[in-house]
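Me: I have a model open and would like to walk through it with you, one question at a time. Shall we begin?

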Amino acid sequence: ERPDFAKYHVLKMPGYDQWGVVMPAHCDLAQKKEITFDDLLGMPLFCSKQSWDGDIPRWCGDRQEQLTLEGSFRLSYNGSVFVKEGLGYLLTFEHLIDTSADSGLVFRPLFPQLKNEMYLLWRRHQVFTPITKRFIVHLQSLFSNDFAAEKE
């Protein structure tokens, strides 16, 4: 979600998080390159509550009530355990779950794409150690952007 600029200093990071579905590698849906809304109709889905309420509606709009949220988790890893047990499909960011060849799971991106920007946040007026201050200054020099500067 977008940061609270009144509470935090914000540094927008390059790149983005890509949304998709984690599923058993052997299921029919795993044969597809991308997953559409219609592919998920009638499927038991797992997703974090925050994302179900905030991110998924950006992807499917007012059709969200047609999807079946089987359960929600704070950590995607916990949802992946249910996927491994064959209980449903996990809506999550790419690279959060082990989908290596030995994992038995695969990730397929949503279509149309759903992306989230990435930010580094720290509280305004927070007192840092000298090394932490240097780290933040270094990150700002690497990833400085007009986005952060205009919100200060």
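**Overall picture**

Reply: Happy to! Of the 152 residues in the protein, buried ones make up 38%. Bear in mind throughout that this is a predicted model.

Me: How many helices and strands does the protein have, and in what order do the elements run?
Reply: The count is 6 helices and 6 strands. Read from the N terminus on, the order is β-α-β-α-α-β-α-β-β-β-α-α.

Me: What is the mean pLDDT, and over which residues is the pLDDT below 50?
Reply: The mean pLDDT of the protein is 92, and 95% of its residues reach 70 or more.

Me: Of the contacts with a separation of 6 or more, what share comes from residues 24 or more positions apart?
Reply: The C-alpha trace spans about 50 × 35 × 25 Å along its principal axes. Within the protein, the share of those contacts that comes from residues 24 or more positions apart is 75%.

Me: Let's turn to helix H4. Why are its buried residues on the same side of H4?
Reply: The buried residues of H4, which covers residues 76-84, are Ser-76, Gly-79, Ser-80 and Val-83. They lie on the same side of the helix because they cover an arc around the axis of only 105°.

Me: Which exposed residues does the opposite face of H4 carry, and which strands are included in what covers the buried residues?
Reply: The face turned away from the buried side of H4 carries the exposed residues Tyr-77 and Lys-84. As for the cover over the buried residues, it includes the strands E1 (8-24), E2 (44-47), E4 (89-93) and E5 (105-109).

Me: Is Ser-80 buried or exposed, and what is it in contact with?
Reply: Ser-80 sits in helix H4. Its relative accessible area is 2%, under the 20% cut-off, so Ser-80 counts as buried. Leaving aside neighbours within four places in sequence, its contacts are Leu-90, Ile-97 and Leu-105.

Me: Which residue follows H4 with a positive phi?
Reply: The phi in question is near 80°. The residue that has it is Gly-86.

Me: Now two loop residues. Is Leu-110 buried or exposed?
Reply: Leu-110 belongs to the loop between E5 and E6. Not counting residues up to four places away in sequence, Leu-110 touches Gln-18, Trp-19, Gly-20, Val-21, Ile-35, Leu-40, Trp-59 and Leu-91. Its relative accessibility is 1%, so Leu-110 is buried.

Me: And Val-127, is it buried or exposed?
Reply: Val-127 is found in the loop between E6 and helix H5 (130-143). Val-127 has 77% relative accessibility, over the 50% cut-off, so this residue is exposed.

Me: How far apart in space are Val-127 and Val-81?
Reply: In sequence, Val-127 and Val-81 are 46 residues apart. In space, C-alpha to C-alpha, the separation is 39 Å.

Me: Last topic, the largest pocket. Which residues are the closest to its centre?
Reply: About 680 Å³ of space lies in the largest pocket. It is lined by 28 residues, and the closest to its centre are Glu-1, Gln-50, Asp-55, Phe-93 and Asn-116.

Me: Which element supplies the largest share of that lining?
Reply: The lining divides into 12 nonpolar, 7 polar and 9 charged residues. E1, helix H2 (49-54), E4 and strand E6 (115-123) each supply at least two residues. The largest share, 5 residues, comes from E6.

Definitions and conventions. Residues are numbered from 1 along each chain as its sequence is written. This is a predicted model: local features need pLDDT of at least 70, side-chain atom pairs count only at pLDDT 80 or more; totals for chains, interfaces and linings use all residues. Side-chain values use heavy atoms; hydrogens and water are left out. Buried means under 20% relative accessible area, exposed over 50%, partly exposed in between (1.4 Å probe, protein chains only). Helices (H or I, at least four residues) and strands (E, at least two) are DSSP runs, numbered from the N terminus. The arc is that of the directions from the helix axis to the C-beta atoms. Contact means heavy atoms within 4.5 Å. On a 1 Å grid over the protein atoms alone, a cavity is a set of points where a 1.4 Å probe fits but cannot get out, and a pocket is an open set with protein on both sides within 12 Å along at least five of seven lines; lining residues have an atom within 4 Å of a point. Grid points are joined across faces, edges and corners, and a volume is the space filled by probe spheres set on the points. Ala, Val, Leu, Ile, Met, Phe, Trp, Tyr, Cys and Pro count as nonpolar, Asp, Glu, Lys and Arg as charged, and the others, Gly among them, as polar. pLDDT is the predictor's confidence in each residue, from 0 to 100.
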